[in-house]
Amino acid sequence: MRHTRLMRAGLAAIVAVAALSGCASIKDHRGYLVDTALIDAVQPGIDNKTSVERSLGRPTFISDWGQKDWYYVSIDTKQAAFARPRSSSQTILKVSFDPAGNVANVERIGMEKVARIDPDGNKTPTLGRERSFLEDLFGNIGTVGTGMGGPAGGGGGPGTGPNGS
């Protein structure tokens with residue numbers, strides 16, 4: 001009798017731990033691994049593109065327009081069970097260069113620039129005719145083959161073009 005109570009209590013504890021482990025959040029890191037000592041070592045007027053690449057590595061991306069700024073992006077995310085991942089912290093390092101290739105500015109950007117948007121789930125209004133499902137499904141019946149050259153079209157014989165068109 002006592003043995004079965006212990007087994008039931010143990011089984012209930014295992015089930016409770018398994019149920020609670022499903023509620024644990026998943027933490028993930030995406031992008032550049034930030035090393036503050038290396039970032040602090042990049043100095044405007046002293047470093048150039050080669051020295052920045054040797055100390056920080058290849059950038060996450062390089063701007064396409066205007067100045068060719070280098071961006072190092074690092075994002076930490078958390079995800080609860082059955083939910084979308086949300087960024088918990090973000091660091092963007094923007095390294096700007098002068099025309100000679102020397103570092104002109106180093107800027108750190110954090111979560112203050114993150115914009116959380118909530119798109120509207122309703123239908124987007126469009127111009128045109130409102131059609132029902134059945135009109136969409138059966139709307140093309142009878143329209144196939146009525147164009148030029150088809151069985152109901154007035155295509156006649158071959159045309160005067162080089163290939164008979």
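**Entry 1. Layout**

I read the protein along its sequence and got the pattern α-β-α-α-β-β-β-β-α. I counted four helices and five strands. Helices (H or I, at least four residues) and strands (E, at least two) are DSSP runs, numbered from the N terminus.

I noted that this is a predicted model, where local features need pLDDT of at least 70, side-chain atom pairs count only at pLDDT 80 or more, and totals for chains, interfaces and linings use all residues. Residues are numbered from 1 along each chain as its sequence is written, and side-chain values use heavy atoms, with hydrogens and water left out.

**Entry 2. Burial**

I looked up how much of the protein is buried. Of the 165 residues, 16% are buried. Buried means under 20% relative accessible area, exposed over 50%, and partly exposed in between (1.4 Å probe, protein chains only).

**Entry 3. Salt bridges**

I searched for salt bridges, each defined as a side-chain nitrogen of Lys or Arg within 4 Å of a carboxyl oxygen of Asp or Glu. The search gave four salt bridges.

One of them joins Asp40 and Arg108, with N to O at 2.4 Å. Asp40 sits in helix H2 (residues 36-41) and Arg108 in strand E5 (residues 103-109), so this pair ties together parts 68 residues apart in sequence. Asp40 is partly exposed at 46% relative accessible area. Arg108 is partly exposed too, at 44%.

I then looked at Lys94 and Asp69. Their closest N and O atoms are 3.8 Å apart, and they form a salt bridge. Lys94 belongs to strand E4 (residues 86-97), while Asp69 lies in the loop between strand E2 (61-62) and strand E3 (70-79), so the pair links parts 25 residues apart in sequence. Asp69 is buried, at 6% relative accessibility.

Glu53 pairs with Arg58 in another salt bridge, with the closest N and O atoms 3.4 Å apart. Glu53 is partly exposed at 31%. Arg58 is exposed at 55%.

**Entry 4. Nonpolar patch**

I looked for nonpolar surface next. Phe133, Leu134, Leu137, Phe138 and Ile141 make a nonpolar surface patch of about 590 Å². Patches are built from residues with over 30% relative accessible area and no salt bridge; like charges are joined within 9 Å, nonpolar side chains (Val, Leu, Ile, Met, Phe, Trp, Tyr) within 5 Å. The areas come from the Shrake-Rupley method with a 1.4 Å probe, and for residues only the protein chains shown count as cover. I picked out Leu134, which is found in helix H4 (residues 133-138). Leu134 is exposed at 52% relative accessibility.

**Entry 5. Largest pocket**

How much space lies in the largest pocket? I recorded about 200 Å³. A pocket here is an open set of points on a 1 Å grid over the protein atoms alone, where a 1.4 Å probe fits, with protein on both sides within 12 Å along at least five of seven lines; lining residues have an atom within 4 Å of a point. Its volume is the space filled by probe spheres set on the points, which are joined across faces, edges and corners.

The lining consists of Arg30, Ile75, Thr77, Pro85, Arg86, Ser87, Ala115, Arg116 and Ile117. E3 and E4 each supply at least two residues of this lining. I sorted the lining into four nonpolar, two polar and three charged residues. Ala, Val, Leu, Ile, Met, Phe, Trp, Tyr, Cys and Pro count as nonpolar, Asp, Glu, Lys and Arg as charged, and the others, Gly among them, as polar.

**Entry 6. Asn48**

Last, I looked up Asn48. Asn48 lies in the loop between H2 and helix H3 (49-56). Asn48 is partly exposed at 30% relative accessibility. From Asn48 to Asp98 I noted 9.2 Å, C-alpha to C-alpha, across 50 residues of sequence.
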